[in-house]
Amino acid sequence: MATPKPAVSVLGLGMMGSALAAAFLKAGHPVTVWNRSAARTGPLAAQGALPADTPAAAVAASPLVVICLLTNDNVQELLAPLADDVAGRTLANVTNGTPGQARELAAWAAKHGAEYLDGGIMAVPRMIAGPQAYVFYSGSRQTFDAHRETLTALGGTKYVGTDPGFAALYDLALLTGMYGMVLGVMQAYALVGTEDVSATEFSELLVPWIGAMLGGAPEWAKAIDSGQHLTDVSSLAVNHAAIPNFLTAFRDQGVRTDLFEPFQAILDRAMAEGYAADGLSRIADLLRK
Ligand code: NDP
């Protein structure tokens with residue numbers, strides 16, 4: 001007979017929490033679920049989950065308690081009355097938040113005798129348990145190892161360190177790269193859209209262009225790690241000379257300049273501080289100051 005799989009409780013059954021609970025069920029774990037609006041437990045109960053009437057009952061039901069609310073303020077609010085209920089449990093909080101919030105929650109858990117893992121989900125709900133989904137985890141290595149197998153029901157696991165803030169750090173950094181790209185893409189569509197060029201038509205040029213440019217990212221990383229930013233490819237001086245063309249063209253064509261004005265300011269500062277001959281990698285340093 002196969003060994004029974006460990007029980008898991010999932011608190012928070014929004015789009016993501018529901019996908020997580022369904023993935024644990026599918027992997028054969030006994031799953032207890034709780035949600036602020038009780039109606040959301042219905043579809044999971046139909047798949048075999050056990051609805052809990054209170055958060056405390058859900059915490060009591062399983063050694064591993066996965067929490068997926070909208071914000072970490074919601075998580076703090078939820079946990080505050082559970083101080084006497086969490087001892088001996090592992091709280092795996094996969095709510096999006098900051099490194100600072102994760103450290104605070106970890107300290108709260110430790111104070112009340114619970115283990116704490118912070119998680120950053122790199123997937124949308126429909127990707128959960130699929131081959132491309134993974135979750136960053138940080139916190140005690142021993143605690144992570146104890147629950148790793150259970151957590152693989154959600155997709156890949158990437159453990160990024162004992163500092164509980166690191167999962168959020170990596171998560172936010174990946175999303176930062178993504179949002180930077182999304183904003184650039186939207187500005188490009190807005191610009192060509194001022195003339196009779198459809199976004200669909202332009203995307204055929206834009207997508208391979210961005211892919212090719214991102215190929216430079218490992219080189220920038222090497223420059224940042226070594227502090228050697230001098231370039232013979234595209235100096236900050238060249239970029240500084242070109243940036244007014246963007247802002248002028250945006251204005252002339254009737255596109256807002258808000259997104260790119262900070263870029264002009266950064267390049268102005270790079271010139272003023274003597275980095276004209278450096279490549280774009282220098283910007284990472286300038287952003288830290
Ligand atoms: P939803 O808006 O679908 O769900 C939010 C959940 O939080 C609901 O269960 C809601 O309960 C609960 N909630 C909100 N406020 C409170 C509160 N004060 N007390 C108790 N429960 C509360 O969001 P998602 O499920 O999509 O997202 C959940 C987390 O997962 C977020 O942090 C999000 O950033 C992260 N995430 C989401 C991704 C996505 O693609 N959706 C991708 C990666 C991460 P109720 O039903 O009662 O309103």
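The points below start with the chain as a whole and then turn to the ligand.

1. Please keep in mind throughout that this is a predicted model. The chain falls into two assigned parts, domain 1 (8–169) and domain 2 (215–287). Taken over C-alpha atoms, the centres of domain 1 and domain 2 are 40 Å apart.

2. Where does the ligand sit? The space it takes is the second largest pocket. Two elements each give two or more residues to the shell around the ligand, namely α1 (15–26) and α4 (72–79). Of the elements, α1 gives the most, with three residues.

3. The shell is worth a look residue by residue. In total, 21 residues surround the ligand, and the closest are M16, N35, S37, R40 and N96. By class, the shell has ten nonpolar residues, eight polar ones and three charged ones.

4. For S37, an N or O atom of the side chain is 2.4 Å from an oxygen atom of the ligand. R40 also uses its side chain, with a polar atom 2.7 Å from a ligand oxygen. With N96 it is the backbone that takes part: one of its N or O atoms lies 2.9 Å from an oxygen atom of the ligand.

5. How much of the ligand does the protein bury? Taken alone, the ligand exposes 890 Å², and the protein buries 79% of that. I would read this figure together with the pocket in point 2, as the ligand takes the space of the second largest pocket.

Definitions and conventions
Residues are numbered from 1 along each chain as its sequence is written. This is a predicted model: local features need pLDDT of at least 70, side-chain atom pairs count only at pLDDT 80 or more; totals for chains, interfaces and linings use all residues. Side-chain values use heavy atoms; hydrogens and water are left out. A residue is near a molecule or strand if one of its heavy atoms lies within 4 Å of it. A polar contact is a pair of N or O atoms within 3.5 Å; within protein, one must be able to donate a hydrogen and the other to accept it, and residues adjacent in sequence count only if both atoms are side-chain atoms. Accessible areas come from the Shrake-Rupley method with a 1.4 Å probe; for residues, only the protein chains shown count as cover. On a 1 Å grid over the protein atoms alone, a cavity is a set of points where a 1.4 Å probe fits but cannot get out, and a pocket is an open set with protein on both sides within 12 Å along at least five of seven lines; lining residues have an atom within 4 Å of a point. A molecule sits in a cavity or pocket if more than half of its atoms lie within 2 Å of its grid points. Helices (H or I, at least four residues) and strands (E, at least two) are DSSP runs, numbered from the N terminus. Ala, Val, Leu, Ile, Met, Phe, Trp, Tyr, Cys and Pro count as nonpolar, Asp, Glu, Lys and Arg as charged, and the others, Gly among them, as polar. Domain bounds come from an automatic or database domain assignment.
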